[in-house]
Amino acid sequence: MDDLFTLRPSGIFIRREAIAAGYEDKQLAKARRSGEVARIRHGAYMPASAWTELDEVGQHLAKAEAIVATHGTRVAFCNQTAALIHGLDMYRVDLSKVHVHLLGGGAGRTESGIQYHQAPPDQSDLLPWNGGLVCAPARAAMEVAATVNVESSLVILDSALRHSA
């Protein structure tokens with residue numbers, strides 16, 4: 001499976017890429033059982049050694065990269081995920097879900113570790129990232145600040161101010 005690990009610098013690949021390269025689902029399952037690959041989210045994998053070396057932030061960003069591979073520009077990263085992409089400081093913020101705005105309509109929901117938000121941002125608030133889209137730092141900071149406590153809000157808003165200077 002080394003050929004799949006070279007598709008992206010992070011080593012992330014998705015199931016359909018493995019199938020296109022001639023691998024079968026049972027080979028993916030065997031590689032997971034043997035500890036060669038780690039499933040980082042539904043249909044997305046990376047070398048297990050690389051996955052286990054990542055901290056919580058790194059794992060969250062790896063999941064975001066996998067979502068770009070499956071969703072492309074149909075979504076834009078927002079909230080905590082966008083803040084991490086921009087390198088904003090955060091304090092006691094839940095990173096259990098990757099946050100995205102739906103860019104073609106659709107209902108907000110949580111599915112397969114992704115929090116889908118309605119109300120897409122204006123195109124002027126979107127920036128390119130790794131083949132996908134991400135909300136601008138100021139918008140990301142405001143989205144996070146609106147959903148967390150005062151201490152956490154102060155940390156991210158201060159970070160956004162320093163980021164823009």
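## Helix 7 and its packing

The buried residues of helix 7 pack against helix 6 (79–85), strand 5 (98–102), strand 8, strand 9 and helix 8; contact means heavy atoms within 4.5 Å. Helices (H or I, at least four residues) and strands (E, at least two) are DSSP runs, numbered from the N terminus. The model is predicted: local features need pLDDT of at least 70, side-chain atom pairs count only at pLDDT 80 or more, and totals for chains, interfaces and linings use all residues. Residues are numbered from 1 along each chain as its sequence is written, and side-chain values use heavy atoms, with hydrogens and water left out.

The buried residues of helix 7 are Pro137, Ala140, Ala141, Glu143, Val144 and Ala145, where buried means under 20% relative accessible area, exposed over 50%, and partly exposed in between (1.4 Å probe, protein chains only). Glu143 belongs to helix 7 (residues 137–145) and counts as buried because its relative accessible area is 12%. Beyond its neighbours within four places in sequence, Glu143 is in contact with Cys78, Asn79, His101 and Cys135.

## His163 in helix 8

His163 lies in helix 8 (residues 150–164) and is partly exposed, with a relative accessible area of 41%. Not counting residues up to four places away in sequence, His163 touches His86, Leu88 and Pro137. Pro137 is itself one of the buried residues of helix 7.

Six strands form an open sheet in the order 6-7-5-4-9-8, with mixed pairing; two strands pair if DSSP finds at least two bridges between them. Strand 6 (109–111) and strand 8 are the edge strands, each pairing on one side only. Direction ignored, neighbouring strands of this sheet are turned by 40° against each other on average. Axes are lines fitted to C-alpha atoms, for helices over the stretch in contact, and angles run from 0 to 180 degrees between N-to-C directions.

Three bridges join strand 4 (residues 75–77) to strand 5 in the antiparallel sense, and Phe77 has Val100 in strand 5 as its bridge partner. Helix 5 packs on this sheet, touching strand 4, strand 5, strand 7 (114–117), strand 8 and strand 9, and its direction makes about 165° with that of strand 4. Helix 7 lies across strand 5, strand 8 and strand 9, running at about 65° to strand 9.

Strand 8 (residues 126–129) and strand 9 (residues 132–135) are antiparallel over four bridges. They form a hairpin with two residues between them, and Asn130 in the turn has a positive phi of about 50°. Trp129 has Gly132 in strand 9 as its bridge partner.

An open sheet of three strands has the order 1-3-2 and antiparallel pairing. Its edge strands are strand 1 (13–14) and strand 2 (37–41), each of which pairs on one side only. Strand 1 is joined to strand 3 (residues 44–47) by two bridges, with Phe13 opposite Tyr45 in strand 3. Helix 5 packs on the sheet, touching strand 1, strand 2 and strand 3, at about 75° to the direction of strand 2.

## The largest pocket

The lining of the largest pocket consists of Ile14, Arg15, Arg16, Arg41, His42, Gly43, Tyr45, Thr70 and His71. A pocket is an open set of points on a 1 Å grid over the protein atoms alone, where a 1.4 Å probe fits, with protein on both sides within 12 Å along at least five of seven lines; lining residues have an atom within 4 Å of a point. Helix 2 (15–20) and helix 5 (56–71) each supply at least two residues of this lining.
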